[in-house]
Amino acid sequence: MIPELGQFALILALGLSLIQVALPLAGATVGRADWMAYARPMAAGQFVFIAAAFAILARSFLSDDFSVSFVAAHSNSALPWAYKLAAVWGGHEGSLLLWLLILAAWTLAVAFGSRSLPDVYAARVIGVLGIVTVGMLLFTLLTSNPFDRALPPPADGNDLNPLLQDPALVIHPPILYAGYVGLSVPFAFAIAALLSGSLDKRWARWTRPWTIAAWLFLTIGIALGSWWAYYELGWGGWWFWDPVENASFMPWLAGTALIHSLAVTERRGIFKSWTVLLAIAAFSLSLLGTFLVRSGVLISVHAFASDPERGMFILLLLSTISGGALLLYAIRAKRLEAEGGFRLVSREAFLLLNNILLIVATGVVLLGTLYPLFLDALGLGTVSVGPPYFNSVFLIPMLPLAVLLGAGMHASWLTMQGNALLQKLAPAAVVALLGALALLLLVFRGAESAMTAIGLIVGSWVVVTALWDPLRRGFSGDRSRIPLSRAQWGMTLAHLGVGLFILGVTVTSSYGIESDNAMQPGDMVEIAGYEFEFRGTREVEGVNYDAYEGEFAVRRDGRLMTVLAPQKRIYRVQTSPMTEAAIDPGLSRDLFVALGDPLGGGAWSVRIQYKPMLRFIWLGALVMAFGGLLAASDRRYWLARREVRSAAGVPQTAESA
Amino acid sequence: MTPRRQRMVLIGLVVAGVAVSAALALQAFRENVLFFFSPSEVAAGEAPIERGFRIGGMVVDGSVERETGSLTVSFVVTDFAHSIPVSYTGVLPDLFGEGQGVVARGYLNADGSFTAEEVLAKHDENYMPPEVAEALERARSAEAR
């Protein structure tokens with residue numbers, strides 16, 4: 001009975017979100033304030049009912065209600081309770097419900113965080129978000145109902161895929177979705193601007209914190225996914241250019257471009273139609289990602305079993321939402337007039353280059369991801385585009401982007417002399433070069449290839465230029481100057497994160513060592529000055545799995561550093577084997593040991609890896625996200641809100657701000 | 001320079017940059033696209049000798065052989081019409097097994113055997129890589145004719 005209530009709640013939510021679309025949008029068009037007033041209550045209502053449906057599904061999982069076929073397919077009575085909860089989004093239907101819940105939460109946040117917006121504007125934004133909600137609710141109810149019954153119920157469930165039984169999986173999807181789905185907010189703001197036919201600097205100021213918030217979730221979500229892949233399924237790799245990884249990376253690239261373009265629009269009132277187009281593109285890429293993951297067209301861990309009907313539905317949804325938005329853009333974009341031009345040497349010009357390079361990068365990833373699908377659909381053969389393509393081509397836009405990033409941060413708005421900029425940057429360039437040389441010669445003693453040197457130089461260039469202004473202020477001890485705002489600190493940290501990331505990627509891929517070995521108990525392998533001694537395996541029992549556990553003593557200069565215990569697990573319900581690597585993490589290096597297969601006679605195939613500075617990759621992403629958090633919480637966005645509100649109430653005081 | 005001239009210069013640079021990177025990207029693309037062939041297509045001589053590609057099919061029951069204590073393993077991949085012997089040195093993925101679907105990336109030797117540089121098996125025992133399913137289907141329908 002209770003699961004049926006869940007379905008019922010979803011149907012009610014659909015009804016409310018239909019009202020949330022129709023009345024506010026119609027009211028905004030004809031100027032009826034009483035219709036527009038429905039926006040916020042309906043946004044709250046659809047959240048309540050979607051949350052109720054989600055809670056009911058979670059309850060079905062926690063109480064082992066295997067009469068619900070989704071629960072039976074993805075849970076088991078022996079599963080630890082935290083994984084039962086995470087299993088709610090461990091399959092297609094439940095993860096859609098999570099998508100909906102997060103969309104509803106963003107809608108709610110916009111509805112009540114936008115009290116300062118003009119009513120017509122808020123009504124349009126909430127109405128547009130409602131369109132997305134209606135589409136996804138229809139998708140869930142018509143093709144992927146998580147509350148379908150399996151009668152008669154099976155005695156026990158089929159269990160959660162062992163790969164997904166992991167703490168990172170508990171948080172990776174919700175955070176990633178918060179980013180993915182959060183891009184619907186700038187999309188809704190962009191559509192609202194097109195509908196109203198006007199877009200000013202205030203618009204950019206409203207849109208920016210929401211965009212940055214979505215972006216920072218996306219950043220953390222992707223980093224978590226990469227970390228999980230590293231220790232759980234990647235045999236030590238951290239990025240595979242898997243189509244599903246790309247599906248989350250493309251909205252990230254477009255979202256990054258959007259943040260930078262919004263900066264120009266907020267500051268200068270130019271790039272308006274471009275910003276709107278980026279907002280549409282970023283969310284369309286999110287939807288495209290959903291399509292790629294949910295339609296079963298891709299081969300991936302993430303591609304849950306699914307039927308073509310679902311793929312068709314999402315494709316239809318994607319073409320309706322993105323196509324409709326682009327049509328509106330084509331009709332209305334010319335009304336968005338720039339409030340001036342820009343000069344060749346200026347912050348704006350650098351940000352324009354940033355945008356072009358990021359879009360080229362997005363295009364490169366899009367081409368490599370979709371090309372095999374097109375070829376397959378046209379019956380021209382089955383191909384795959386592997387990491388070599390992405391690794392080489394992705395650098396073409398990214399290297400100049402990183403170099404320009406350092407310079408652009410120090411360029412002034414409006415205009416500046418090229419010489420002045422060069423003078424400012426020369427000392428930073430010297431410091432960066434010295435830093436890279438020190439790393440190259442003193443720490444790593446030589447480079448594998450020219451790319452190593454280039455990567456180190458570019459990485460330290462970004463780090464040094466990001467920290468240049470704050471450090472100079474600190475050392476000069478000049479307290480009279482205006483302190484850096486949170487937005488400036490945010491920019492500094494986000495760019496510092498980029499630099500750390502580049503250093504991490506360069507060092508790991510240049511100096512990392514991977515080796516597959518056949519090892520008998522007692523055998524020793526030496527890698528990068530570490531001695532790995534295999535002491536044999538023993539059988540151990542976990543909560544819901546049995547495992548062979550290897551024991552490896554790791555020594556350096558004869559001193560015991562650590563003992564690593566990788567496992568080869570067999571999960572009892574699905575009887576599928578799984579490799580659980582043992583990792584000794586560290587900021588300067590990771591040591592990684594994984595058991596492969598038994599080779600007979602007590603010998604095993606063993607993969608051993610030494611990964612220097614690997615942690616910098618995820619550390620960089622976290623620092624970027626923290627920068628985003630600072631930027632999104634900058635006072636001016638919240639001041640601006642109060643200012644607008646008071647301006648609406650008491651118009652004559654608006655000048656004082 | 002006037003602002004207008006400056007902008008024209010900027011746009012010119014951008015167009016040139018995009019053109020160069022597009023050319024490089026397409027070049028890398030042509031070099032790195034990997035084609036997929038079923039064992040029947042390989043047997044019919046459709047697969048290239050000089051460059052790598054991927055094959056897929058089922059691992060024949062009882063065909064997996066390994067010298068004790070060695071990392072090198074050999075097995076036979078079939079689409080039930082034709083079979084190809086494959087050898088691989090390294091750690092196999094968790095779900096590799098006899099009677100399971102598999103995709104291998106590598107190159108064809110002159111003697112008709114395949115040397116794999118990477119072996120992929122899916123993370124689900126019911127799963128069949130779509131290419132493999134299709135290859136099996138094609139072989140079956142070819143037999144029916």
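Biologist: Let's start with the whole chain. How many helices and strands does chain A have?

Modeller: Keep in mind that this is a predicted model. Chain A comes to 20 helices and 11 strands. If you box the C-alpha atoms along the principal axes, you get roughly 85 × 75 × 55 Å.

Biologist: And which domains is chain A divided into?

Modeller: Domain 1 covers 1-165, domain 2 takes 398-508 + 619-624, and domain 3 is 513-615. The centres of domain 1 of chain A and domain 3 of chain A are 42 Å apart, going by C-alpha atoms. The two domains are in contact, with eight residues from domain 1 of chain A and eight residues from domain 3 of chain A taking part. On the domain 1 side, the touching residues split into five nonpolar, two polar and one charged.

Biologist: Now helices. What describes two packed helices?

Modeller: You look at the angle between their axes and the distance between the axes. Take helix H14 (residues 347-377) and helix H15 (residues 387-408) of chain A: they pack at about 170°, with axes 9 Å apart. Angles over 145 degrees count as roughly antiparallel, and H14(A) and H15(A) are therefore roughly antiparallel to each other.

Biologist: Which residues make that contact?

Modeller: From H14(A), they include Phe350(A), Leu357(A), Val364(A) and Gly368(A). H15(A) brings, among others, Tyr389(A), Phe394(A), Pro397(A) and Leu404(A). By class, the contact has 19 nonpolar, three polar and one charged residues.

Biologist: What about strands? How do side chains sit along a regular strand?

Modeller: In a regular strand, they alternate between the two faces of the sheet. For pairing in this model, start with strand S3 (residues 524-527) and strand S4 (residues 530-541) of chain A, which run antiparallel and are joined by four bridges. Ile527(A) has Tyr530(A) in S4(A) as its bridge partner. S3(A) and S4(A) form a hairpin with two residues between them, and Ala528(A) in the turn has a positive phi of about 50°.

Biologist: How many bridges join S4(A) to strand S5 of chain A?

Modeller: There are 10 bridges between S4(A) and S5 (residues 545-556), and these strands run antiparallel. They form a hairpin with three residues between them. Across that pair, Arg538(A) stands opposite Glu549(A) in S5(A).

Methods: Residues numbered from 1 in each chain as written. Chains lettered and ligands numbered in written order. Predicted model: local features only at pLDDT ≥ 70, side-chain atom pairs only at ≥ 80, totals over all residues. Domains from an automatic or database assignment. Contact = placed C-beta atoms within 7 Å. Nonpolar A, V, L, I, M, F, W, Y, C, P; charged D, E, K, R; others polar. Axes fitted to C-alpha atoms, helices over the stretch in contact; angles between N-to-C directions. Parallel < 35°, antiparallel > 145°, perpendicular 65-115°, else oblique. Pairing = 2+ DSSP bridges.
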